[in-house]
Amino acid sequence: MIELRGLQVDYLVQRHGYRSIKEYLVSFGTKKLLERKRIISHVDLDVYAGECFGIVGRNGSGKSTLLRVLAGIVEPSGGSALMKGRVAPMLALGVGLEPELNGLENVRLCAVLMGGDRYAVRRALEHVRAFAGLSEDDLTMQVKRYSTGMMARLGFAIAIANDPEVLLIDEVLAVGDAEFQRRCYERIDMLKRMGSTIVFVSHSLGEVQKLCDRAGCMEHGRMVKVGGAHEVGLFYHDLLGIPREG
């Protein structure tokens with residue numbers, strides 16, 4: 001389960017370029033070196049156990065930052081973010097994978113970092129071998145040699161290896177082939193039936209409507225619409241100025 005109340009996230013950004021420390025000093029403080037920029041503003045949201053919740057929105061609307069808050073990577077500047085359960089984030093291709101290690105070594109490393117014991121590590125290795133569709137030669141090759149599709153296969157297989165209670169997915173399934181995507185969708189359905197909470201960020205409304213029970217649309221850091229996946233899809237199309245068919 002996920003509970004957000006008044007969530008706010010600010011980043012410090014450099015508004016004015018300075019070519020040197022001297023240039024900054026001679027400005028006598030007339031221009032701030034860093035300014036606070038609000039990325040997420042006053043988001044209230046509940047996502048329940050056994051639910052797949054989709055998030056859509058334009059680039060820069062705050063979707064990925066919201067997932068990073070849920071993953072514990074980014075600290076909120078205000079409000080609260082309550083997560084109940086073991087979290088498995090899959091936020092971008094290669095994130096969490098060590099490129100100098102091979103696939104199996106990355107499986108072991110990620111299982112340990114996620115708090116797994118020897119049994120969890122062994123189970124993760126067995127699951128990745130069975131699910132990822134990578135050969136033993138692939139799994140013993142350095143990850144930096146992987147294609148984007150191979151990296152997506154490995155990353156997703158690791159994320160779901162020990163049945164996470166909260167699964168966070170940011171766009172990465174789009175790079176897999178059709179057969180692998182089908183298996184991912186089947187696994188997501190299985191996790192939902194087991195009571196896992198899933199948050200799925202995508203620009204593909206078709207995927208959101210296929211996978212998600214509910215969805216939300218973000219715009220300028222705010223959650224401007226929450227409802228059924230189809231309803232939110234129509235709202236997002238209207239926001240983009242895309243005419244409705246029929």
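1. Tyr-146 is buried, its relative accessible area being 7% (buried means under 20% relative accessible area, with a 1.4 Å probe and protein chains only). The model is a predicted one, in which local features need pLDDT of at least 70 and side-chain atom pairs count only at pLDDT 80 or more, while totals for chains, interfaces and linings use all residues. Residues are numbered from 1 along each chain as its sequence is written, and side-chain values use heavy atoms, with hydrogens and water left out.

2. Tyr-146 lies in the loop between helix 5 (136-139) and helix 6 (148-159), helices being DSSP runs of H or I with at least four residues and strands runs of E with at least two, numbered from the N terminus. The side chain of Tyr-146 reaches the backbone oxygen of Asp-138 at 2.6 Å, and Pro-99, 47 residues away in sequence, is 9.0 Å from Tyr-146, C-alpha to C-alpha.

3. Glu-219, in strand 8 (residues 214-219), also counts as buried, at 11% relative accessibility. The side chain of Glu-219 makes a polar contact with the side chain of Arg-58 at 2.7 Å (a pair of N or O atoms within 3.5 Å; within protein, one must be able to donate a hydrogen and the other to accept it, and residues adjacent in sequence count only if both atoms are side-chain atoms).

4. Helix 6 and helix 7 (residues 178-193) pack at about 15 degrees with axes 12 Å apart, which makes them roughly parallel (angles under 35 degrees; axes are lines fitted to C-alpha atoms over the stretch in contact, and angles run from 0 to 180 degrees between N-to-C directions).

Note on methods:
Buried < 20%, exposed > 50% of the residue type's maximum accessible area, 1.4 Å probe, protein only. Parallel < 35°, antiparallel > 145°, perpendicular 65-115°, else oblique.
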